[in-house]
Amino acid sequence: MSDSTRPRILLLGSQGQLGYELRRSLRPLGELVAAARKPEPGERAVDLTDHAGLAQLIRDVRPAVVVNAGAYTLVDQAEKEPDLAAAINAVAPGVIQATAREMGAAAVHYSTDYVFDGSGSEPRDEAAATAPLSAYGTTKRAGEEAIENAGGAYVVLRTSWVYGVHGVNFVKKILKLARDRELLRIVADQVGAPTTAGFLADSTAHILTRSAQPWSESLAAARGIYHACCGGDTSWYGFTCAIVERARRAGLPLAVKSIEPITSAEFPTPARRPLNSRLSCRRLSERFGITPPGWEAALDETLPRILKEEFGV
Ligand SMILES: NC(=O)c1ccc[n+]([C@@H]2O[C@H](COP(=O)([O-])OP(=O)(O)OC[C@H]3O[C@@H](n4cnc5c(N)ncnc54)[C@H](OP(=O)(O)O)[C@@H]3O)[C@@H](O)[C@H]2O)c1
């Protein structure tokens, strides 16, 4: 198919963890136009705080779908700069959705388990009441509402504990700490599902592939929020033990001798985080036929790539 007949896909935030994987997974689906704050050659520039410029970019590109992987993700720093976080996480998604709707395009957005207060111990579904504990969570929830208010055709994938081969994440931080320190003290009372950027990107591509053209109609019919994370659950402590055990088996030289579980109260951070981040992905499975991999299987697949890229192992 020539590029003139393939659907045009505008990917915003192409340099983040998820954006990087989306560049790979979306390319076979159409003509991909990637945009980033610091664009690589061949990419467009986008600043999610420049809302007029953002709307103009969408009008210029005239995509069939906008996929927004850009976000303000500095959870603790957001407590100090909530206005900047809101401009990127709350206002920009509404601008994207409203402009996409005006252009007859669909959009895919991403949100977070941090829209919940984390009470209880059951997995939450999409109808559960939101009550963010942090400025980051508050801005992401406001973004969901702005998308809902704009209407049109959209899917919001709410996910948790994202890591991937590219970008900054918990797995890389733990590997560096375990290489340098004998003792790690890790929070054990926050429970959720570590989720790979690759799974989220593949799920996005799967949703678009399964949805009939034009996406402005099929995603209007399917519009809504969907929980999308890897299967099972663990704590940050459990995740750390799994990372360290696999890294050691793979031959990464590690100084760490002991990993100690601690409570959130023993590790205070500027932003409060939910204790129960479990999300039920049943709606995603039923609507789009996606069965998430278990978090351990996803780690088995992704960790060797991180070890090779970051540590040459
Ligand atoms: N990371 C997690 O644990 C997690 C958990 C739940 C949900 N999520 C959600 O998943 C999505 C993807 O997250 P991620 O982990 O891929 O995040 P990430 O690696 O931090 O990537 C975010 C991207 O947004 C870009 N960005 C930030 N401010 C911008 C601006 N003003 N203009 C243009 N681009 C801007 C960043 O650009 P630079 O590269 O220039 O900084 C970065 O490339 C987000 O919606 C996030 O809220 C993430």
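Strand β5 (residues 106-112) and strand β6 pair in the parallel sense over seven bridges; two strands count as paired if DSSP finds at least two bridges between them. Strands here are DSSP runs of E with at least two residues, helices are runs of H or I with at least four residues, and both are numbered from the N terminus. Ala106 stands opposite Ala153 in β6. Between β5 and β6 the chain passes through helix α4 (residues 135-150), and this β-α-β crossover is right-handed. That term applies if, with the strands pointing away from the viewer, the path from the first strand over the helix to the second runs clockwise.

This is a predicted model, in which local features need pLDDT of at least 70 and side-chain atom pairs count only at pLDDT 80 or more, while totals for chains, interfaces and linings use all residues. Residues are numbered from 1 along each chain as its sequence is written, and side-chain values use heavy atoms, with hydrogens and water left out.

β6 also pairs with strand β11 (residues 224-227), in parallel, through four bridges. In β11, Gly224 is the bridge partner of Val155. Seven of the seven residues of β6 (residues 153-159) are buried, so the strand is largely enclosed by the rest of the structure. Buried means under 20% relative accessible area, exposed means over 50%, and partly exposed lies in between (1.4 Å probe, protein chains only). Ala153, Val155, Leu157 and Thr159 point one way from β6, while Tyr154, Val156 and Arg158 point the other way.

Helix α4 also holds Glu145. Because its relative accessibility is 37%, Glu145 counts as partly exposed.

The ligand has 23 residues around it, and Arg37, Leu48, Thr73, Tyr136 and Lys140 come nearest. A residue counts as near if one of its heavy atoms lies within 4 Å of the molecule. The table gives polar contacts, which are pairs of N or O atoms within 3.5 Å.

| Residue | Part with the N or O atom | Distance to a ligand oxygen atom |
|---|---|---|
| Gly16 | backbone | 3.0 Å |
| Thr73 | side chain | 2.6 Å |
| Tyr136 | side chain | 2.8 Å |

The protein covers 85% of the 900 Å² of accessible area that the ligand has on its own, by the Shrake-Rupley method with a 1.4 Å probe. The elements that give two or more residues to the shell around the ligand are α1 (17-26), β5 and α4. β5 gives the most, with three residues.

Note on methods
Polar contact = N/O pair within 3.5 Å; in protein donor to acceptor, adjacent residues only side chain to side chain.
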